[in-house]
Amino acid sequence: MRVPLKTFVRDQVRRNTERLGRPIRIARGYKEYAARRALAESIPTAECWDVSSLSAEGYLIVPGMAAGVAELITASRDKLAHAQNLPQSRNKAFFSQLLEAGDRGLDTIFTRFALTDKVLNTTARYLGVAPFLESVELLYSKPVQGPPAQSQQWHKDRTDRKILKVFVYINDVTPKHGPLSLLPRSQSEKVPEFLFHYLTDDEMARYADLSKVVALTGAAGTTILIDTQTSYHLGSRCQEPRLAYVAYFSSGFGYRARETRWIVDPAALSPLSPLQRYALGAS
């Protein structure tokens, strides 16, 4: 796809300018950043899921049923059943965001699941820093007419050096349900960094072997961790609807400002662990 030189240059300048935000944020908040690193390094590996496949190929399928997933499934299905409408999310016609402000309180399973020990311990060990919880979402994907668009196309998230997203399938996901699909790290590394954010299948095939694509199907409750900065990925190419929960973690010192300012009652902080407080930006 040919694009105007001016557009290409503007895109490259924006990307590189954003990357300057990371060292600046670390310098300004070095005391907190150092404490987050020290805490992550202190977590025993026995208290985490094995991240070897996450490090090697960019994703991890959690064995068995993670703590809190059964409650999360029940609450998510109830949320869908009582949804008054299914608004289009972020100009993406193929999915809707079902969570509202009241669903992100510390008393809800949608936030509590993201703050469970195993999720936070594993995320901290992988990122090398006590993570910041950027967002929690409940995404209802649905079939639409037309070619794949936006995040239905190949892309990487570019807001930090490492990013971890935790997906939980709320319904069974087969190839018809638009599963999260990725190119393992070994293939993703073949794609030049200067390309535009969203890439078609044909564009990706110029650089990577699409026969290596991993389509992450699974039964309800399947929990997947993916580094969305490392691996090109896509999803929601649905023939049948899909409901998935997503928790998004960064170092909190990425290329851009933190996406969420969590409002936490001081009285609710006392029972939280240091890792949970850092996840909410309330250390």
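Reader: In which loop is the place of Q150?

Author: The place of Q150 is in the loop between β3 and β4; helices (H or I, at least four residues) and strands (E, at least two) are DSSP runs, numbered from the N terminus. The model is predicted, so that local features need pLDDT of at least 70 and side-chain atom pairs count only at pLDDT 80 or more, while totals for chains, interfaces and linings use all residues. Residues are numbered from 1 along each chain as its sequence is written, and side-chain values use heavy atoms, with hydrogens and water left out.

Reader: Why does Q150 count as partly exposed?

Author: Buried means under 20% relative accessible area, exposed means over 50%, and partly exposed lies in between (1.4 Å probe, protein chains only). The relative accessibility of Q150 is 27%, and therefore Q150 counts as partly exposed. Its phi is near 50 degrees, a positive value in a residue other than glycine. Most residues other than glycine have a negative phi.

Reader: Why does S236 count as buried?

Author: The relative accessibility of S236 is 3%, so it counts as buried. The place of S236 is in the loop between β8 (233-234) and β9, and although S236 is not a glycine, it has a positive phi of about 65 degrees.

Reader: What makes T174 partly exposed?

Author: T174 has a relative accessible area of 31% and is therefore partly exposed. The place of T174 is in the loop between β4 and β5 (180-182). Not counting residues up to four places away in sequence, T174 touches P179 and T217; contact means heavy atoms within 4.5 Å. The C-alpha atoms of T174 and W262 are separated by 35 Å, and these two residues are 88 residues apart along the chain.

Reader: Why is α7 described as largely enclosed by the rest of the structure?

Author: Eight of the 11 residues of α7 are buried, so the helix is largely enclosed by the rest of the structure. The buried residues of α7 include V119, L120, Y126 and L127. After α7 comes G128, whose phi is positive, near 80 degrees.

Reader: What makes a set of residues a nonpolar core, and which residues have the most contacts inside the largest one?

Author: A nonpolar core is a set of buried Ala, Val, Leu, Ile, Met, Phe, Trp, Tyr and Cys residues joined through side-chain atoms within 4.5 Å. The largest has 52 residues, and F113, L133 and Y245 have the most contacts inside it. Among the elements that give two or more residues to this core are α3 (30-41), α5 (69-81), α7 (117-127), β3 (132-141) and β9 (242-250). Not counting residues up to four places away in sequence, Y245 touches residues including L72, F110, F113, V136 and V166. A second, separate core of 15 residues includes Y169, I226, A244 and V246.

Reader: How do you know what radius of gyration a compact globule would have with 283 residues?

Author: The globule rule is 2.2 Å times the number of residues to the power 0.38, and the radius of gyration is taken over C-alpha atoms. With 283 residues, the rule gives a value near 19 Å, and the protein has 19 Å, which agrees. The C-alpha trace spans about 55 × 45 × 35 Å along its principal axes. The protein has 11 helices and nine strands, and 52% of its residues count as buried. Of the contacts with a separation of 6 or more, 86% are between residues 24 or more positions apart.
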